Structure formats: structure tokens, C-alpha cells
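Subject: Handover of a two-chain model

Dear colleague,

Please find below the structure that I am handing over to you, followed by an account of what was found in it.

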Amino acid sequence: MNVLHFVNAFFSDSAHWHGYDGIPTRLIQHIRYCLIALVLAAAIGLPVGLVTGHYGRGGNALAFIATAGRALPSFGLLVLMTIMVGFGLVPVMVPLVVLAVPPILVTSYESVRSVDPSPVDAARGMGMQESRILFQVELPVALPLILSGLRSGAIQIVSTATIAAYVGIGGLGRYVIDGLYQRDYEKVVGGATLVAALALATLAVFWAVARCTVSPGVRRSG
Amino acid sequence: MSGFFDLPSDLQHSWLGLIGLHLREALLPVLAGLLVSLPIAQLCVRFRWLYAPVLGLTTVLYAIPSLAFFVVLIDYTGQTELTVMIPLAVYSLVVLVPAIVDGVRSVPQETLAAATAMGFGPVRRYVQVQLPIAVPAIIAGLRVATVSSISLVSVGMLIGNQGALGNLLNDANIYHRPELAVNSVVTTAALAILADAALVLVRRLLTPWMPHGTRRRAPAEAADAAEAGPEPAVPALEDTVR
């Protein structure tokens with residue numbers, strides 16, 4: 001009940017709702033960081049994963065990259081980059097992208113590679129070009145898995161962007177970090193609630209996107 | 001890089017001590033997660049309708065950012081190691097439950113029938129037939145859970161220096177000693193890779209019946225790397241099992 005009390009106090013304080021340190025500003029900052037990082041990670045991971053998956057080659061190299069990316073501690077990288085490069089957006093973006101590329105890369109590779117070969121052969125027999133096979137046959141079938149890869153990348157970005165407040169960036173993590181230093185537990189819990197809500201909203205968005213884009217046939221058989 | 005291992009005294013640990021602390025904070029949650037997910041997975045195999053809601057619940061719990069999870073737990077468990085370990089255990093469920101369920105389900109029907117025909121009861125069949133066959137899938141899940149757990153412990157630094165090797169990051173900042181941050185990142189990454197390799201070794205020992213090394217176009221080293229990728233490993237391993 002204690003936590004709920006703090007949450008209630010945080011959200012009912014009107015000072016938290018406007019201005020530089022207001023909830024709307026921080027929320028928009030947070031979403032902006034996450035979107036930039038996700039777009040960058042997808043721009044790196046998706047093309048590589050789709051093409052290697054289509055040709056079924058390079059899986060070993062991809063698996064190696066994925067393990068390496070996962071083994072790198074994102075928080076440590078965040079602090080290290082900031083010490084090396086200085087404060088700013090770039091040292092924050094690097095760990096976020098490094099964090100999100102492995103799940104996107106591996107799931108897109110694996111999902112395209114494991115598409116049932118018979119429709120792919122049929123498409124090839126009909127004379128479709130390789131690029132059309134990839135985008136019109138393999139991609140629609142692989143889409144649910146690809147989206148799940150993007151989703152886990154996005155969730156990790158949302159979570160790590162929170163921690164990035166430690167290296168002096170905006171976003172919802174500010175409340176948690178500042179609150180911890182100011183011994184203001186109300187602020188800490190309020191920020192944590194907002195971040196958790198944002199993460200759940202991310203899940204919901206991906207669920208909705210999957211509902212809208214995955215073809216009904218694929219959904220039924222999946 | 002002078003003073004690479006010359007740690008500030010406020011950490012109250014040597015470098016090796018921090019490594020031990022880090023491993024404890026990272027591995028105990030995974031172990032707890034494994035112990036919890038085994039019965040949950042068995043229930044999901046037994047009652048199929050349970051699987052979807054369990055999967056949904058673990059996904060939702062996994063989505064909660066670690067920092068948010070930590071600070072809410074502070075109210076109950078204080079700024080202690082336990083506060084770091086509880087979320088890590090919860091996170092490991094999202095990987096382990098599907099891994100075990102898929103592994104147990106991948107046991108062929110004939111094998112189960114053969115076990116039953118040999119007079120195995122349900123418990124013995126589970127322990128001596130289903131679990132051993134599911135080992136490759138379970139280990140693949142354990143590897144993902146372990147590596148991400150080792151990486152996440154560092155975040156515990158933010159809630160009052162409970163992050164083992166992650167505490168070096170704070171000291172690097174306040175004492176202006178970047179080499180400490182390098183030390184933290186390199187050591188944590190090395191720990192993760194070593195733990196991963198150790199799990200591969202455990203799988204080799206537990207599954208002597210599986211063909212060693214994938215005899216594909218890849219040279220031996222790359223083949224090891226392929227096994228290092230948890231997601232691709234699962235379907236490939238299931239194929240070999242069948």
C-alpha cells in the first residue's frame with residue numbers, strides 16, 4: 001500500500017505536470033530517444049537479417065555477433081561511452097543500438113530462414129525474382145517473428161533509456177535517478193510507474209501492429 | 001592503464017571479490033528462475049490452455065524496466081542484494097518457461113510410448129526421459145538468461161552500490177578514473193562469455209548422445225559460435241533430437 005500511496009501523491013501533485021521537468025516533457029523526450037534508437041537498430045539489423053536469412057548463410061557469424069552484443073553490459077557501455085565521448089546523445093545511442101540489434105538481427109534471420117520451403121520453391125518456379133520472393137513470400141510469413149524481435153529490442157531500449165538518466169540525459173529515468181539522489185521516494189516510485197507504463201504501452205503497440213499487419217492466413221496457421 | 005586492478009577502498013572488495021559477488025548476484029536468480037519454471041512449464045505442458053496466459057504474464061513482467069522494478073522493491077527489501085536478485089529471477093522466467101515447454105513437448109510420442117511400455121510411471125518418465133531429451137533446449141534458454149542476468153546486475157549500482165562490478169562505474173565517475181569503467185565492462189563481458197561457454201560444456205556432458213560439432217561447411221570455430229547463438233540453436237538441436 002505504501003508504494004500506491006507514493007504513486008498517488010506523485011501524480012496528484014500538479015507541479016509534476018508542466019514545465020521543463022514535467023511529465024509530458026519527460027515522456028516525449030523518452031519516446032524520442034527510444035524511437036531514434038529503435039529506427040537505427042532496425043536499419044542495421046533488419047536488412048542484414050532478412051538477406052542472410054533469405055540465402056541461409058552467415059548464421060554462424062550472426063550468432064557470434066548476437067552473443068557478443070548480449071554479453072556486453074549495456075549499462076557499463078553507457079557509462080564508459082560517456083566518460084570517453086562526453087555528455088550528449090551519441091554516447092547514449094551507441095549502447096541502445098548495440099543492445100537492440102542482436103534480437104532484431106537474430107529473429108529476422110531465423111524467421112526468414114525457417115519459412116516453409118515449398119511456397120518459396122513455388123514462387124521461384126513461377127519465375128519470381130529473388131527480391132520479390134523475399135518481400136512477397138518470405139516476409140509476410142516471417143512477419144510475426146520479426147515483429148517479436150523488434151518488440152524485444154524496443155522493450156530493452158525503453159528499459160535502458162531509463163538508466164541513461166544516470167549519464168545526464170533527459171527522459172523518464174530522470175525522476176528515478178534524481179529522486180534517488182534527493183531521497184525523494186515519491187518521485188522515484190512515480191518515475192518507475194511511468195516507465196513501467198511506457199514499457200507496457202510498447203507491448204500494446206506491437207500487439208496492435210501485429211494485429212493489423214500480419215495476414216489473416218498466417219495468423220490462423222501460427 | 002596504471003591502477004587497473006587498484007580498486008578504491010569504498011568498494012570494500014578486491015577485484016576477485018567483486019567477481020564473486022557479481023556471479024552470486026547473477027547466477028542465484030537464474031537458478032531460482034530454473035527451479036520455479038520447471039513446475040510452471042510442467043503445468044503448461046499438462047494443461048495446454050495455461051501456456052498462453054503464462055507466456056503473456058511473463059512477457060509483461062519482463063517488459064518492466066529493471067530500474068523501475070528495483071526501486072519499487074526497495075520499499076519491501078531495502079537497498080540490498082535481494083532487491084537486485086528478485087527482478088533478475090523474474091526476468092529469467094520469460095526465457096526459461098518457453099524453453100522448457102518447447103523442449104519437453106519436442107519429445108517424440110513414440111519415445112513416450114516406449115517409456116510407458118517399459119513400465120515407467122509418470123514421474124520417472126518425466127525425470128528419466130523427458131527432461132534429459134529437453135536438456136539442449138533448456139540449456140539454450142539458460143544461456144540467454146545467464147548472459148543477460150550477468151549484464152543486468154551492474155544496474156544494481158544505481159540503488160546504493162548493489163551492482164558488484166557495476167559499482168566500478170560509479171567510482172570511475174566520481175574519482176575520474178576511466179580505467180575502472182573499462183575494467184567493469186571488460187570483466188562483465190568476459191564473465192558473460194565464460195558462463196556461456198561453461199553452459200555449452202555442461203550441455204556436452206549431459207547429452208553424450210548428441211553428435212558433437214555441426215558437420216557443415218563451417219570450420220570448427222565458427223561451429224562453436226553457431227552454438228553460441230541461443231535462438232538458432234533451439235530448432236537446430238530439436239532437429240538432431242528427432
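This is a predicted model: local features need pLDDT of at least 70, side-chain atom pairs count only at pLDDT 80 or more; totals for chains, interfaces and linings use all residues.

In what order do the elements of chain B run from the N terminus on? They run α-α-α-α-α-α-α-α-α-α, where helices (H or I, at least four residues) and strands (E, at least two) are DSSP runs, numbered from the N terminus. Chain B accordingly has 10 helices and 0 strands.

Residues are numbered from 1 along each chain as its sequence is written, and chains are lettered from A and ligands numbered from 1 in the order in which they are written.

The two chains

Chain A also comes to 10 helices and 0 strands. Its C-alpha atoms fill a box of roughly 65 × 40 × 30 Å along the principal axes. Of the 222 residues in chain A, 48% are buried; a residue is buried if 20 or more other C-beta atoms lie within 10 Å of its own, exposed if 12 or fewer, and partly exposed in between, with C-beta atoms placed from the backbone. In chain B, buried residues make up 44% of 242.

Among contacts in chain A between residues at least 6 apart, 74% join residues at least 24 apart. For chain B, residues 24 or more positions apart account for 71% of the contacts with a separation of 6 or more.

What the UniProt record lists

UniProt positions are given in the numbering used here, feature names are shortened, and annotations may be inferred rather than shown by experiment. For chain A, an unreviewed UniProt entry lists "transmembrane region" at residues 33-55, 75-101, 157-177 and 189-210. In the model, residues 75-101 of chain A are 85% helix and 0% strand, with end C-alpha atoms 16 Å apart. Residues 157-177 of chain A are 57% helix and 0% strand, and their end C-alpha atoms are 17 Å apart.

For chain B, an unreviewed UniProt entry lists "domain: ABC transmembrane type-1" at residues 19-203. That span is 83% helix and 0% strand, and its end C-alpha atoms are 24 Å apart. UniProt also lists, from an unreviewed entry, "transmembrane region" at residues 15-38, 50-76, 82-101, 133-160 and 180-202 of chain B. Residues 82-101 of chain B are 100% helix and 0% strand, with end C-alpha atoms 28 Å apart.

The interior

The largest nonpolar core has 126 residues, and those with the most contacts inside it are A:Ala100, A:Ile157 and B:Val71. Such a core is a set of buried Ala, Val, Leu, Ile, Met, Phe, Trp, Tyr and Cys residues joined through C-beta atoms within 7 Å. Helix 4 (residues 81-105) of chain B gives the most to this core, with 14 residues. Leaving aside residues up to four places away in sequence, A:Ile157 touches A:Cys34, A:Ala37, A:Leu38, A:Leu96, A:Leu99 and A:Ala100.

Helix 8 (residues 173-181) of chain A is largely enclosed by the rest of the structure, because 7 of its 9 residues are buried. Among them are A:Arg174 and A:Tyr175. The buried residues of helix 8 of chain A pack against helix 2 (23-55), helix 7 (130-163) and helix 9 of chain A, together with helix 3 of chain B. After helix 8 of chain A comes A:Arg183, with a positive phi near 55 degrees.

A:Ala63, in helix 3 (residues 59-71) of chain A, is buried, with 26 other C-beta atoms within 10 Å. A:Ala63 and A:Pro102 are 39 residues apart in sequence and 8.5 Å apart in space, C-alpha to C-alpha.

Where the chains meet

The contact takes 44 residues from chain A and 42 residues from chain B. Helix 8 of chain B supplies the largest share of the side of chain B that touches chain A, 10 residues.

In one helix pair, A:Ala199, A:Leu200, A:Thr202 and A:Leu203 in helix 9 of chain A meet B:Thr59, B:Val60 and B:Ala63 in helix 2 of chain B.

Yours sincerely

Notes: Two residues are in contact if their C-beta atoms, placed from the backbone, lie within 7 Å.
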